[in-house]
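Here are some notes for a colleague who is opening this structure for the first time. They are set out as numbered points, to be read beside the sequence and the model.

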Amino acid sequence: GSADARSLELLRSGNAMLISNHVDATDGLALFVLAQRCGRLGSLRFFAKRELLFTPVLGLAAYFLNFIFLSRDWNKDRDTITRTFQGLWTAQKKPSFWMVLFPEGTRFSEIKLKEAQQFCLARSLPLPRNVLVPRLKGFTSSLEHLRSRTDLLIDVTIGYSEHDPVSRTVRPSLGDVLLRRGREWPVHVDVRVFPIDQLPEGEAELKEWMLQLFRDKDARLEELKLSGRFPGEEMLSG
């Protein structure tokens with residue numbers, strides 16, 4: 001991916017599919033900040049697990065922010081995705097969107113990492129260290145609907161360099177952010193931009209492209225663990 005002048009302009013004005021790894025509930029806040037800095041805060045639409053609807057505070061916020069809620073049933077999710085995009089094209093002559101998808105389908109944890117490693121080991125795939133194996137059906141189906149109306153894919157990798165010494169959960173937590181617990185917290189956000197015509201069109205090729213993208217994320221997150229920053233990272237505050 002590249003961030004040339006055309007890509008930067010498309011970030012500010014073009015339609016995009018945004019994919020990210022998923023570490024914690026604060027990931028969404030990081031994406032809101034990214035969108036705000038690009039002048040696209042009103043364009044965000046999130047795919048999320050239906051269970052989020054029943055989470056105190058977050059569920060109500062997600063409902064009013066027009067999140068698209070998915071289940072674990074692909075037949076139901078396929079219909080939901082189709083209805084969502086049909087409604088979007090019908091409601092607006094020129095829809096403006098950043099469609100956000102967390103392909104891993106769940107937040108990262110050590111237990112889920114071990115399950116992902118066992119899955120890869122059984123299939124002779126490279127073992128992940130910092131990400132889970134992406135679920136591919138939702139991504140390929142969404143791209144099928146979006147490709148003709150989308151200018152770029154935004155690849156975001158989110159990392160946290162601080163952890164709670166007891167629970168080992170990442171900091172800041174959602175509570176740290178919402179309660180403004182007395183300090184600024186570093187959150188590392190790596191952004192790569194791919195013009196949509198650079199993505200493969202065949203389903204098998206597209207799936208392999210996504211798997212390789214997550215291997216790249218894994219390597220970048222490993223660099224963050226070792227050096228405290230992503231390769232080529234520029235430090236921003238605020």
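1. Among contacts in the protein (contact means heavy atoms within 4.5 Å) between residues at least 6 apart in sequence, 72% join residues at least 24 apart. The model is a predicted one, in which local features need pLDDT of at least 70 and side-chain atom pairs count only at pLDDT 80 or more, while totals for chains, interfaces and linings use all residues. Residues are numbered from 1 along each chain as its sequence is written, and side-chain values use heavy atoms, with hydrogens and water left out.

2. The secondary structure comes to eight helices and eight strands, where helices (H or I, at least four residues) and strands (E, at least two) are DSSP runs numbered from the N terminus. Of the 238 residues in the protein, buried ones make up 45%; buried means under 20% relative accessible area, exposed over 50% and partly exposed in between, with a 1.4 Å probe and protein chains only. The accessible surface is about 13300 Å², and 54% of it belongs to carbon and sulfur atoms, as given by the Shrake-Rupley method with a 1.4 Å probe, where for residues only the protein chains shown count as cover.

3. The largest nonpolar core has 26 residues, and those with the most contacts inside it are Ile19, Phe139, Leu143, Leu153, Leu199, Trp209 and Met210. Such a core is a set of buried Ala, Val, Leu, Ile, Met, Phe, Trp, Tyr and Cys residues joined through side-chain atoms within 4.5 Å. Strand S1 (16–20), strand S4 (98–101), H6 and helix H8 (203–227) each supply at least two residues of this core, and its largest share, eight residues, comes from H8. Apart from this core lies another, of 25 residues, among them Ala16, Ala35, Leu44 and Phe69.

4. Leu199 deserves a look of its own: leaving aside neighbours within four places in sequence, Leu199 is in contact with Phe139, Leu143, Arg147, Leu153, Phe194, Leu206 and Trp209.

5. Helix H5 (residues 110–122) has 13 residues and reaches 18 Å from its first C-alpha to its last, close to the 18 Å expected at 1.5 Å a residue; the expected span is 1.5 Å times one less than the number of residues. Within H5, Leu113, Ala116 and Cys120 are buried. Seen down the axis, the buried residues of H5 fall within an arc of 60 degrees, so they line one face of the helix, the arc being that of the directions from the helix axis to the C-beta atoms. On the other side of H5, Ile111, Lys114, Gln118, Leu121 and Ala122 are exposed.

6. Ser124, in the loop between H5 and helix H6 (137–146), has a positive phi of about 55 degrees although it is not a glycine. Ser124 is exposed, with a relative accessible area of 69%.

7. Not counting residues up to four places away in sequence, Glu104 touches Ser20, Asn21, His22, Val131, Leu132, Val133, Pro134, Arg135 and Phe214. Glu104 and Leu132 are 28 residues apart in sequence, yet their C-alpha atoms are 5.8 Å apart in space.

8. A disulfide is taken as a pair of cysteine sulfur atoms within 2.5 Å, and by this rule the count is zero. Cys38 counts as buried at 15% relative accessibility, and Cys120 counts as buried at 4%.
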